[in-house]
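Subject: Structure for you to look through

Hello,

Here is the structure for you to open alongside this message. Please keep it on screen while you read the notes below.

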Amino acid sequence: MNACHSPSHITRRSLLGGTTAAGLSWLTPLADILAAEAEKAAPSGKPARSLILLWLGGAASQLDTFDPHPDTKIGGGVKTIPTAIKGVNFASGLEQTASVMGDVSLIRSMVSKEGDHERAFYNIKTGYRPDPTLIHPSIGAIVCHELPEAKIEIPTHVSILPNQWPARGGFFGAQYDAFQMYDPKFPVPDVKARVDDKRLDQRMAGLAIVEQTFAHGREANLDQTKTLHQLSMQRARNMMSSDQLKAFNVKDAPAAELAAYGDTPFGRGCFAAVRLIQAGVRCVEVTLNGWDTHANNLEGQATQVKILDAAYASLIRDLKKQGLLESTIVICGGEFGRTPKINNVGGRDHWPHGFSMLVAGGGFAGGRVIGATDPQGEKKEPERPVLVEDLHATVQNLLGIDYSKEVMTPVGRPMALSKGEPVKELQAHA
């Protein structure tokens, strides 16, 4: 592994990025060559620009959703329906999702080494297993760090209905943590001042005096360099007065459009996700909890399937209708799957050995199925296993991010953005 500052570690991206301040005129011939090489190395077509993550918190059962095995000892009484992919069936209740599978690919062989909810959520969100020595950035934080968006005044990393393990900026810093909000039918919290404009201006003037006092006697360039605190305050003020806040508001949406997603917080979250992507947000995650069915699995999964089906299918349809699906990656899945064996109380337990994920948009191929699980539930290893880190590398690759790029953590430790490799079968232009 090369050190970040060693000559062998200089990449096309770092070389081109580092020339901005000095001017590019002297580098034009070399820049043309490197740009041509970059185009050859990148997937065909334009890179994706944004990401929507739909987390099925608690872990959906692959056997009761996207990978049913009816009429077998592990089937659990599930009934199936055909999908738009010939020969591929889903569990009943997913009729709308089944109809959009021509634009979606299905991974039936996701594999993780984490079977605990907290550790598995960390793994699925970051592409790394938990490490006591550092916190890795979530995929949304990586996207926002590597693909900054200067023209947007609202957060570029948003989490709707987060559970107890929200997306974090990790070693990139708290400024890359996801902005958290709950049911979009309610106003965005903490964006309206509690005092009138005159009083607020007085408070900001007082804060400026405190900032100046803090800076006095410290580094000479501190007056010219905004602190993280000052930047955070500035961003907050910009957001409070921004018209882009309307992207969070679903109450003014046409009733028929909103109803298509289902009258649920998750449905409204998915509707808001499309609006936020339109506004320029880089990454939106929406969480649907309630899949942890250690008892009464069939009934519990069916309840959540009903919520998911309308929201997911409507999101894919709307992105496609508005011309956003080609530039927006959509990932849908949980932290692991559920056991083939049904326990004594009619539930399924934790199973990281072969679970399902839906991937769509942004350069992912549509209508493909990767991997297969054992219909008898006797083999742990699925056919064509896909590692969590490989999915992360694929997403970053389709976004035009160098997934193998090493960044230096605050303690001087080089870390690759991903330790996986892209899954070529999933990419439309691999």
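Which residues in α9 meet which residues in α10? On the α9 side they are Phe266, Gly267, Cys270 and Val274. Their partners in α10 are Ile307, Leu308, Ala311, Leu315 and Leu319. Sorted by class, this contact of α9 with α10 has 8 nonpolar residues, 1 polar residue and no charged ones. Please bear in mind that the model is predicted.

The geometry of the two helices comes next. Helix α9 covers residues 265-279 and helix α10 covers residues 297-321. Their axes are 9 Å apart, and the helices pack at an angle of about 15°. Because angles under 35 degrees count as roughly parallel, α9 is roughly parallel to α10. The crossing of α9 and α10 is right-handed.

Now the aromatic rings. The structure holds 7 aromatic pairs. One of them is formed by Tyr261 and Phe271, with ring centres 5.3 Å apart and planes at 90°. Planes over 60 degrees apart count as edge-to-face, so this pair is edge-to-face. The pair links distant parts of the chain, with its two residues 10 apart. Tyr261 is in the loop between α8 (255-259) and α9, while Phe271 is in helix α9 itself. Are these two residues buried or exposed? Tyr261 has a relative accessibility of 1% and counts as buried. Phe271 is buried too, with a relative accessible area of 4%. Elsewhere, ring pairs link Trp55, Phe121 and Trp165 into a cluster.

Thr394 is in helix α11, which runs over residues 388-398. Its relative accessible area is 0%, and because buried means under 20%, Thr394 is buried. What does Thr394 touch, leaving aside residues up to four places away in sequence? It touches Phe364, Glu421, Pro422, Val423 and Gln427.

Val188 is found in a loop, the one between β6 (179-181) and α6 (197-215). With a relative accessible area of 12%, Val188 is buried. Val188 and Phe248 are 60 residues apart along the chain, yet their C-alpha atoms are separated by 7.1 Å.

To go over this on screen, start with α9: its residues Phe266, Gly267, Cys270 and Val274 meet α10, and Phe271 in α9 pairs with Tyr261. Then turn to Thr394 in α11 and to Val188 in its loop.

Regards

Key:
Residues numbered from 1 in each chain as written. Predicted model: local features only at pLDDT ≥ 70, side-chain atom pairs only at ≥ 80, totals over all residues. Heavy atoms only, no water. Helix = DSSP H or I, 4+ residues; strand = E, 2+ residues; numbered from the N terminus. Buried < 20%, exposed > 50% of the residue type's maximum accessible area, 1.4 Å probe, protein only. Contact = heavy atoms within 4.5 Å. Axes fitted to C-alpha atoms, helices over the stretch in contact; angles between N-to-C directions. Parallel < 35°, antiparallel > 145°, perpendicular 65-115°, else oblique. Left-handed = near helix turned anticlockwise from the far one by under 90°. Nonpolar A, V, L, I, M, F, W, Y, C, P; charged D, E, K, R; others polar. Phe/Tyr/Trp six-rings, centres within 6.5 Å; stacked < 30°, edge-to-face > 60°.
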